[in-house]
Amino acid sequence: KEAETAQAGLYTSLSKKAGFDCTVSKYGPFPSPAGKDVVELACSNRTDGGVGIFAGPGQPSRVVDCARAPMVGYRCSFTKPADAYKYVTDDLKKMGKDSCVVSNIRIIGKTAKGTTYLETACADGLKGYVLEYTTEPALTPLAATSCALTKDCKLPGNV
């Protein structure tokens, strides 16, 4: 129990250093590539957790929210992805799409150039968007295409 508490404290510190304010209440390790420690984080100070990808000294670390974690190969079990849809809504706003509050998401797939497509549905029932993201070194939205203009949308309200 003491070791778990100490480890939770370490992950709290690492997540804060990565810019994700999380007081870790529970964590679950994922199989990790060499030189990285990848763990799911549940937070006592917020409703949304994330996946911490912590690298060794001198390497960048990050925490990916549970809505977008599948884009980097991980799924959350402590936190519902819907608790983090606000981050996808924020990404749409960055792309000039202010009217959509995200109510559902679906990963469409990866491209040959390494970007990922994510379909969104909007809470108001109007057509959503397909967002294209880079996943390394950070999740960055590159483009947003209306579902009215593409055949790739499958979520309810988008077809």
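With 159 residues, what radius of gyration would a compact globule have, and what does the chain have? A compact globule of that length would come out near 15 Å, and the chain has 16 Å, which agrees. The radius here is taken over C-alpha atoms, and the globule rule is 2.2 Å times the number of residues to the power 0.38.

Before you start clicking, note that this is a predicted model, in which local features need pLDDT of at least 70, side-chain atom pairs count only at pLDDT 80 or more, and totals for chains, interfaces and linings use all residues. Residues are numbered from 1 along each chain as its sequence is written, and side-chain values use heavy atoms, with hydrogens and water left out.

**Stop 1: the whole chain**

Show the cartoon and trace it from the N terminus: the elements run α-β-β-β-β-α-β-β-β-β, which comes to 2 helices and 8 strands. Helices (H or I, at least four residues) and strands (E, at least two) are DSSP runs, numbered from the N terminus. Along its principal axes, the C-alpha trace spans about 55 × 30 × 25 Å.

Buried residues make up 42% of the 159, where buried means under 20% relative accessible area, exposed over 50%, and partly exposed in between (1.4 Å probe, protein chains only).

Among contacts between residues at least 6 apart in sequence, 37% join residues at least 24 apart; a contact means heavy atoms within 4.5 Å.

**Stop 2: the nonpolar core**

Select L41 and V88. Of the 36 residues in the largest nonpolar core, these two touch the most other members. The elements giving two or more residues to this core are helix 1 (2-17), strand 2 (36-43), strand 3, strand 4, helix 2 (85-94), strand 5 (102-110), strand 6 (116-122) and strand 7. Such a core is a set of buried Ala, Val, Leu, Ile, Met, Phe, Trp, Tyr and Cys residues joined through side-chain atoms within 4.5 Å.

**Stop 3: helix 2**

Next, colour helix 2 and pick out its buried residues: Y85, Y87, V88, T89, D91 and L92. What covers them includes strand 4, strand 5, strand 6, strand 7 and strand 8.

Zoom in on L92, which lies in this helix and counts as buried because its relative accessibility is 0%. Leaving aside neighbours within four places in sequence, L92 is in contact with K97, C100, V102, T120, Y129, L131 and A144.

**Stop 4**

Beyond its neighbours within four places in sequence, D65 contacts G49, G50, A84 and Y87. From D65 to Y85, 20 residues apart in sequence, the C-alpha distance is 9.0 Å.

In strand 4 you will also find V63, which counts as buried at 15% relative accessibility. Not counting residues up to four places away in sequence, V63 touches S15, A18, F20, L41, G50, V51, G52 and F54.

Then move to Q59, in the loop between strand 3 (50-55) and strand 4 (62-65). At 51% relative accessibility, Q59 counts as exposed. Its C-alpha lies 9.4 Å from that of G35, 24 residues apart in sequence.

**Stop 5: a cis peptide bond**

Finish at P137, in the loop between strand 7 (129-134) and strand 8 (140-146). A cis peptide bond joins E136 and P137, with omega about -5°. Most peptide bonds are trans.
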